[in-house]
Amino acid sequence: MSVPASPATLAVRASLESDSQHGAVIPPLHLSSNYTFERFGVKRQYDYTRSGNPTRDSLADALCSLERGAGAVVTASGMAALTLLTHLLEPDDLLIAPHDCYGGTYRLFEHLAAKRHFAVSFIDQTDPAALQAAFARRPRMILVETPSNPLLRIVDIAAVSALARSHGVLLAVDNTFLSPILQQPIRLGADIVLHSTTKYLNGHSDVVGGAIIAATEELSESLRWWANCLGLTGAPFDSYLTLRGIRTLHARMRQHEESANRVALFLDQHPLVSRVYYPGLPDHPGHQIASAQQSGFGGMVSLEIDGGEAAVATFVEKLQLFSLAESLGGVESLVCHPPTMTHAAVSRQALHEAGIGDNLIRLSIGLEDSGDLLEDLRLALDAAAHAVTLKSVAAASC
Ligand code: PLP
């Protein structure tokens, strides 16, 4: 009888002791771009690294087992995984996407649709009437991003899956914000799961990568074929680093979440903060669904502050333990202003429709001491409040 493998065990032990040549505990890194043929007309398991590579396959196997899929493709970035996904669509197909998804995803779909690769409709997927109306248009695929970037909206994966199944629609879920430690969409009925492995999976902000995991062998085969044809597969060294990152994923996610929860509770009480977006807060509109479909609320917190641009600028600049940078999910805490950074490619109108305002700030809570993070946030908010007071005094004296 084999020992049951929980996600933490799967992550730590992925491909350990797979080296039959030397018995290395940690699988070796295979950088070679090509492999000799055994003899004329007879190739070995691998021939060319774009098509297949042992190190990349170790990462694909790990992701596949963590997401409970049938097969996985490791790609050069999260956007490469999303590009790969679009190759399952034909020119007459309709894709339903979230109106508040990651800005790069929005840009990709909008521009491919403009070239008539497929049609796209961006909707509020938390609105049951909008979902029903979208399914009535006979889409081929729906992409769900839950929690969404940057508003942390929660979509009920099992409910969308039931709709998708009854309409013969493919359901893909971007699981970047939670990782398979906190959410396993295939178990909830998804056909495909995507990741920007750049984020929590690698976790150390030193790799750009992606992955796509399919629930069936048939879908996985089609994705593998397109990945090789288009040249979207990931580099071996990136795969090696990401596999190393995954071994600590479980411990990291636990700490990210614990600190994020403290940060969200603190921000919720601060007078300058007008709104906190964190699915772990009981008054978050998606709290109940998140509690049911996730095994944790994750490490991302968004907030809105009063006081206009002066307050936003002072807040982000005064922070010392949050680096002002794109990306998320690394060991270090980050602060981002979505309208001018991650979502800069999205039009003002589309940002407005998605509810992404100029006073929105996104925090990726890292692994620093949470007491230090709270103190840093308190000091930066105090400075922002001071800047607002000075500005209103100046305005009154004009
Ligand atoms: N999906 C989500 C939810 C993201 O946040 C991002 C990037 O921020 C991507 C996909 C794209 O990933 P990458 O930057 O690795 O191409």
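**Ligand and domain contacts**

Author: An oxygen atom of the ligand is 2.9 Å from an N or O atom in the side chain of Asn149. The model is predicted, with local features needing pLDDT of at least 70 and side-chain atom pairs pLDDT 80 or more, while totals for chains, interfaces and linings use all residues. Residues are numbered from 1 along each chain as its sequence is written, and side-chain values use heavy atoms, without hydrogens and water.

Reader: Which residues surround the ligand?

Author: A residue is near a molecule if one of its heavy atoms lies within 4 Å of it. Here 13 residues surround the ligand, the closest being Met79, Asp174, Ser196, Thr198 and Lys199. A polar side-chain atom of Asp174 lies 2.7 Å from a ligand nitrogen, and one of Thr198 lies 2.7 Å from a ligand oxygen.

Reader: What does the domain assignment give?

Author: Domain bounds come from an automatic or database assignment. In this protein they are domain 1 (7–246) and domain 2 (250–397). Their contact (heavy atoms within 4.5 Å) takes 38 residues from domain 1 and 40 residues from domain 2.

Reader: How many salt bridges does the rule find across the interface of domain 1 and domain 2?

Author: A salt bridge is a side-chain nitrogen of Lys or Arg within 4 Å of a carboxyl oxygen of Asp or Glu. Across the interface of domain 1 and domain 2 the rule finds zero.

Terms used: A polar contact is a pair of N or O atoms within 3.5 Å; within protein, one must be able to donate a hydrogen and the other to accept it, and residues adjacent in sequence count only if both atoms are side-chain atoms.
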